[in-house]
Amino acid sequence: MSIKQPSLPSSRSHGRELPEPSEEAISHSQQILDVIKTSIQQADGRISFQQFMQTALFEPVLGYYRCGTEKFGAMGDFMTAPESSLLFGQCLVRFIQSTNTANNILEVGAGSGRLAVSILKALAAQSALPESYYILELSAELRERQRQNIQVELPEYIDQLVWLDALPDAFNGVVIANELLDAMPVTRFKLDNSQVFEEYVVCNEDELSFSYKPTSDQRLLARIEVLKQKTSIAETEPYHSEVNFIAQDWIRSLADGIESAVVLIIDYGYPRNAYYHLQRHMGTLMCHYQHRAHPDPLILTGIQDITAHIDFTAMADAALESGMEVVGFTTQAHFLLNLDLLGLLDARQQETGQAGLRNYFQASGEVKRLTLPGEMGESFKVMAFSKNYQDDVAGFEQHDIRHLL
């Protein structure tokens, strides 16, 4: 089975109008398409979707997260919570300080560096800066952007930041991963006539398209059997979805490098029963281009983000299997409210004058974006793991939904 898609950037995807890319963006996209087409030729005519997504997002120099295009904020393709409001980072500081491991902080995938800035500013205001703030970032371009932003905002602290190329050994502290796992390449599958097919990308007449092949991947087959037993995927066919094995393996690798730590994962996703619901029979994969969301990963290659929601049950399983404990799971709204987000908003109300009034109304809008169900409040979830750590952590006092996992 093959579904035609245009291989060059297009302004239309499934009836959605998308902004026309610039000539420079089209040229960039064509370069990475050439890399993908060469890979397809060398692999006897097909590559797995996971390999396609890996190349489109992380190919050195050309991949979406490795090139120099703007990605975050109003001028990019999507808005993250740290880009939306400093209040987000201020709440995370309250989580960090609820642990006894706050002397070392490791942020994995720090984006533009806005979260690091907001966390460090809040800690500096309390004279509680950590001994070390580590950033694990594979993109040289994003590293430089993070360094510049932190240099502008906190020049006196820049020399205490440490950028890493890999997960550390024997880390003690707090680990933060905000919107990291959703960009990890996924394995896509189709369940049809009780048979499991893996999705591939092929090139026909110079155009990329999808194809499906019965899988012999034992890991995927084993997961589908679990899903058949515990979810409703077998009740409607064909059923298309995805599995994020790379994210699970990353959690296991993280656990191997931790001595004593608390880990905070923030991302959009669902517990397994909700993720693999029969009404979600086309999966969760989405693309983001200049603040337009659409489901077509085979256009705008290398110049758009490609993401999939997180199966938080799978992440919890990976943590438990690797010796960590799951110490909390809730929605972003409840997590932030548990950390007294509204108290931070009330503090803005105490500011005087027209500037104070403007700051308060701006902060009110930010709180709505962070917490309302139609914004980020319900779709984003927060999960905390711990290893060799016995105390409670803040943020999960009300509406801890680990029982849904």
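Is Ser132 buried or exposed, and what is its relative accessible area? In this predicted model, Ser132 is found in strand β6, which covers residues 132-136, and its relative accessible area of 14% places Ser132 among the buried residues, because the cut-off for burial is under 20%. Beyond its neighbours within four places in sequence, Ser132 is in contact with Asn103, Asn104 and Ile105, as well as with Tyr157 and Gln160.

Strand β6 pairs with strand β7 (residues 161-164) in the parallel sense, over four bridges, and within this pairing Leu136 stands opposite Leu164 of β7. Together with helix α6 (residues 140-153), the strands β6 and β7 make a right-handed β-α-β unit.

Helix α8, formed by residues 245-256, has 12 residues and reaches 17 Å from its first C-alpha to its last, which is close to the 16 Å expected at 1.5 Å a residue. The buried residues of α8 are Phe245, Ala247, Gln248, Trp250, Ile251, Leu254 and Ala255. An α-helix has 3.6 residues a turn, so residues three or four places apart point the same way.

The structure holds one cavity of 30 Å³ or more, and the space in the largest cavity comes to about 70 Å³. Its lining consists of 14 residues, of which Val243, Asn244, Tyr275, Tyr276 and Asp311 lie nearest the centre. Two or more residues of this lining are given by each of the elements β12 (239-243), β17 (310-311) and α10 (312-321).

How values were computed. Residues are numbered from 1 along each chain as its sequence is written. This is a predicted model: local features need pLDDT of at least 70, side-chain atom pairs count only at pLDDT 80 or more; totals for chains, interfaces and linings use all residues. Side-chain values use heavy atoms; hydrogens and water are left out. Buried means under 20% relative accessible area, exposed over 50%, partly exposed in between (1.4 Å probe, protein chains only). Contact means heavy atoms within 4.5 Å. The expected span of a helix is 1.5 Å times one less than its number of residues. Two strands pair if DSSP finds at least two bridges between them. A crossover is right-handed if, with the strands pointing away from the viewer, the path from the first strand over the helix to the second runs clockwise. On a 1 Å grid over the protein atoms alone, a cavity is a set of points where a 1.4 Å probe fits but cannot get out, and a pocket is an open set with protein on both sides within 12 Å along at least five of seven lines; lining residues have an atom within 4 Å of a point. Grid points are joined across faces, edges and corners, and a volume is the space filled by probe spheres set on the points.
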